[in-house]
Amino acid sequence: MMRSLFSGVSGLKSHQTRMDVIGNNIANVNTIGFKSSRVTFADTLYQTQTGASAPTDTVGGTNPKQVGLGVGVASIDLLFTDASTQATGKNTDLALSGNGLFVVSTDKGGKDKYYTRAGAFSFDANYNYVVPGSGHHVVGWNADEDGKIPTMNTPEGIRIKDEMRSMKAKKTTAITYKGNLNSSVPTITEIKDQKGNPVAGGAANIDGTTIKSLTVTLSDGTKQTITAKSSYVYKIGNSLPITTIANVYDSLGNLHKVPFLFTKTPTATPPDPKGYDTWEVSVSPGVKGSTLDPVGQCSIHEEDGSWTTVAMGTQKLIFDQDGKHYSGQGKTKLTLQNGAGSPPTPPSTTPVDTMEVDVSWSSLTQYSGSDTIKADYDGHAAGTLKEINADQSGILTGTYTNGEKRALAQVAVAQFDNAQGLTKKGANLYTESNNSGTANIKTVSALGLTLTPSALEMSNVDVANEFADMVVTQRGFQSNSKIITVGDEMLETV
């Protein structure tokens, strides 16, 4: 009879433990990144009154007679299942899915490591990427000034360095033209001057004196009147020029808008293959004061009142019958005077005020349809860091006031062989234990995890299940208390 009393006591204690765990789960129903726990019970020692006996030739076997001594808590398991993610709109928030955790540290070097699923991160006054509630540093890899992230190095606390908060100006070194030139562009069939007279030789330019305007008739029957002064020559058989603008930055980050003209000319002739189409590319001759720029030169009037002179010889581009680039300069040197200066070219030791840019045409095509040509270029103006955004690979990318983007850092994540074996330390933090295994710290993609930026992982507590478990636990507690009550009454009777 005394055994039943102690069995009841053990049941009360075990159910109290289960109720404590349920209460903690429900209390953390809105804790970001929280992982719920569950309690499992196991019966305890047994008192054997008689042992089992084997069957004989005359008598059958008997089973053992044992009296149980109650119940105990077998385990409190950490349920490391994913929870739903909730969008927050905050650029620095991260939500992680899968068997992984973020790595945080109490020191900048990332040596004293903790692990968490709560990705509510932000930047402090010194641009350290931290957990704002505790000041723990988020561990990862910092990028260099070129935006390269050395993920093979030892991870450390993420910090946006002073030199990364601004971006130096970079001069343009290459322009690449891409897109399509319309093979069906109409060509000029007639050119008349301002008096309506056909121009001599079927070619003319508007000098502003002898010829003040031109009226051209195109092969599709349309007419256009041109009044802009220029040394560009309009010719019968050519198309009207297609004007594009390429942005060129000098070494100080000043922007020079260089105009290029693409003109279709009569079909290629020997030694070029018969039937191939020919185009000519040149800089658009400008007007400096009252002086017309010669062909192959363009004067650009800058916003500060200065003049920049651009020079490039006319380039001949040929396209085959499949519309692909056949020949023509793959790269052409474009020279800018007043390019804010360039370093000296050895053996000279004197800096110059000119700048050269390689212009590539080999990516152009020529098919019937619309003109879609555009210029891609490197180089940019100086800028300062405007905002920071994270992507699905955990890379923090900075957007600068000059419109450029640059990788700043990458968040590290850790994976354990047995994440349920981690030790909870409070404040949404975990540490390694003897049964968790060691942390495998890699990038998100390397570990096959899913990262959602501008979102947080919610608690994985299922309130409906917790309420049902709470009712079952309450009834179990009441039943065990009834054992004690009845045992007491029996003792009183004895």
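N338 is found in strand β29 (residues 331–342), where strands (E, at least two residues) and helices (H or I, at least four) are DSSP runs numbered from the N terminus. Its phi is near 65°, a positive value in a residue other than glycine. Most residues other than glycine have a negative phi. At 33% relative accessibility, N338 counts as partly exposed; that label covers what lies between buried (under 20% relative accessible area) and exposed (over 50%), with a 1.4 Å probe and protein chains only.

A quick word on the ground rules: this is a predicted model, so local features need pLDDT of at least 70 and side-chain atom pairs count only at pLDDT 80 or more, while totals for chains, interfaces and linings use all residues. Residues are numbered from 1 along each chain as its sequence is written, and side-chain values use heavy atoms, with hydrogens and water left out.

**Overall build**

- The protein has two helices and 40 strands.
- Its C-alpha trace spans about 135 × 55 × 40 Å along the principal axes.
- The radius of gyration is 40 Å, whereas a compact globule of 494 residues would have one near 23 Å; the radius is taken over C-alpha atoms, and the globule rule is 2.2 Å times the number of residues to the power 0.38.
- Of the 494 residues, 40% are buried.

**Backbone spots in loops**

- A427 is another non-glycine with a positive phi, at about 60°.
- A427 sits in the loop between β36 (423–426) and β37 (429–431), and with a relative accessible area of 67% this residue is exposed.
- A169 belongs to the loop between β13 (166–167) and β14 and is partly exposed at 26% relative accessibility.
- The C-alpha atoms of A169 and H380 are separated by 5.7 Å, although the two residues are 211 residues apart along the chain.

**Aromatic pairs**

- There are 14 aromatic pairs, counting rings of Phe, Tyr and Trp (its six-membered ring) whose centres lie within 6.5 Å; planes under 30 degrees apart are stacked, over 60 edge-to-face and the rest tilted.
- Y177 and W361 make a stacked pair, 5.4 Å centre to centre with 15° between the planes.
- Y177 is in strand β14 (residues 174–182) and W361 in strand β30 (residues 352–367), so this pair ties together parts that lie 184 residues apart in sequence.
- Both Y177 and W361 are buried.
- W361 also pairs with F262: the ring centres are 5.8 Å apart and the planes are at 75°, so this one is edge-to-face.
- That pair links distant parts of the chain too, with F262 in strand β21 (residues 255–265) and W361 in strand β30, 99 residues apart.
- F262 is buried as well, like W361.
- Elsewhere, ring pairs link F102, F121, F123, Y127 and Y129 into a cluster.

**K35 and the salt bridges**

- The whole structure holds eleven salt bridges, each a side-chain nitrogen of Lys or Arg within 4 Å of a carboxyl oxygen of Asp or Glu.
- K35 bridges to E457, with the closest N and O atoms 2.6 Å apart.
- K35 lies in the loop between α1 and β1 (37–43) and E457 in strand β40 (residues 455–457), so the two tie together parts 422 residues apart in sequence.
- K35 and E457 are both buried.
- R38 and D77 meet in a salt bridge at 3.2 Å, N to O.
- R38 is partly exposed, at 45% relative accessibility.
- K264 pairs with D277, the closest N and O atoms being 3.7 Å apart.
- K264 is in strand β21 and D277 in strand β22 (residues 277–283), 13 residues apart.
- K264 and D277 are both buried.
- Shared partners join K35, D82, R117 and E457 into one salt-bridge network.
- K35 also lies over the face of F80, 5.6 Å from the ring centre; the rule here asks for NZ of Lys or CZ of Arg within 6 Å of the ring centre and within 35 degrees of the ring normal.
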